[in-house]
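Let's take a walk through a protein model, with an eye on its charged side chains. Have the viewer open and follow along.

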Amino acid sequence: MRALIFALTLVACNGGHDSRPATAPEPSRAPIALTYLGVAGWQLDAGPTTILVDPYFSRPDLDGPLVPDPAAIAAHAPGRADAIVVGHSHVDHVLDAPAVAAATGAQLIGSESTARLARASGLPDSKIVAVHGRERVAGDGWSVQVVPSLHSKIGEQHLGGEIAAQPQLPMRFADYAEGGTFAYLVEVAGRRVLFLGTANFIEAEVTGLRPDIAVIATGLREKVDDYTCRLMRALGQPPLVYTNHFDDWQAPPVDEPADDDLQAFVAEVKRCAPATRVVIPRHFERMEVP
């Protein structure tokens, strides 16, 4: 395995300002590929680099103690990965992440709540990076900027809170507290890819990020004032948008025709950012971006 070099530093910019130095040359572009893993999960491949976002394959019965499904992970996780980023510590984002990190050798990046779960799962500290927002985690040929964010508005009973300091596994659904929410800007192969895993954001934190590709959660966006247009303006109307967190997270992954809500999102983007192309992904289908 290639040696990995990780650096964790505070981002010099405040909020959503463009983090690239004004005098820095643009890195050369190379093809990348994105694969939708279901719920808010993604795999980004760029040459030898693989970054995973919120990998959640198990989809267990939520009424009992929750454990990762080794067969589901083996079926869908890559053989190796450089990093896994976790947007927040609800079960449909974090349950499988420590097991996938152990299986792939990836560094696991997330909140202190995510780090607590990872430690309780047996992942060594050397593979865990706990973040608080505005850090940059860098590896060999890639970097991840941690963007403070907000969870979608689904009701106070499922929002906020932290995972217990020394969680006892397995836990139940209600024990998976949010633990703080992040978006992530991944820079690799001359691309800037923003992953927004739940339908809310802090406008000051995303303004000026200028991603080439934005992966945007759509579910429950109607609870956030002018969600789509404000986000498109803040991001500078990215050329390419993928829809995210739109499938039934409590059921097996199934590709269905775009429902009214997804079609409405596409129309919103077209109205606010006419030059932006929107893609509704299919589960586990690798999408090449030249």
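This is a predicted model: local features need pLDDT of at least 70, side-chain atom pairs count only at pLDDT 80 or more; totals for chains, interfaces and linings use all residues.

Residues are numbered from 1 along each chain as its sequence is written, and side-chain values use heavy atoms, with hydrogens and water left out.

Start with the big picture. The chain holds seven helices and 15 strands; these are DSSP runs numbered from the N terminus, with helices being H or I of at least four residues and strands E of at least two. Of its 290 residues, 55% are buried, where buried means under 20% relative accessible area, exposed over 50%, and partly exposed in between (1.4 Å probe, protein chains only). The accessible surface of the chain is about 12400 Å², and carbon and sulfur atoms own 53% of that; the areas come from the Shrake-Rupley method with a 1.4 Å probe, and for residues only the protein chains shown count as cover. Now look at contacts (heavy atoms within 4.5 Å): among those between residues at least 6 apart in sequence, 70% join residues at least 24 apart.

On to the charges. Side chains of opposite charge can pair when their charged atoms come close. Here a salt bridge is a side-chain nitrogen of Lys or Arg within 4 Å of a carboxyl oxygen of Asp or Glu, and by that rule the count is 17.

Zoom in on Arg221, which is buried at 4% relative accessibility. One of its partners is Asp261, with N to O at 3.0 Å. Asp261 sits in helix H7 (residues 260-272) and Arg221 in the loop between strand E12 (213-217) and helix H6 (227-234), so this pair ties together parts 40 residues apart in sequence. Asp261 itself is partly exposed, at 32%. Arg221 also meets Glu268 in a salt bridge, again 3.0 Å from N to O. Glu268 is in helix H7 too, so that bridge ties together parts 47 residues apart in sequence. Both Arg221 and Glu268 are buried.

For a local case, hop over to helix H4 (residues 112-120), where Glu112 and Arg116 lie four residues apart, about one turn of the helix. Their salt bridge has its closest N and O atoms 3.7 Å apart. Glu112 is partly exposed, with a relative accessible area of 25%.
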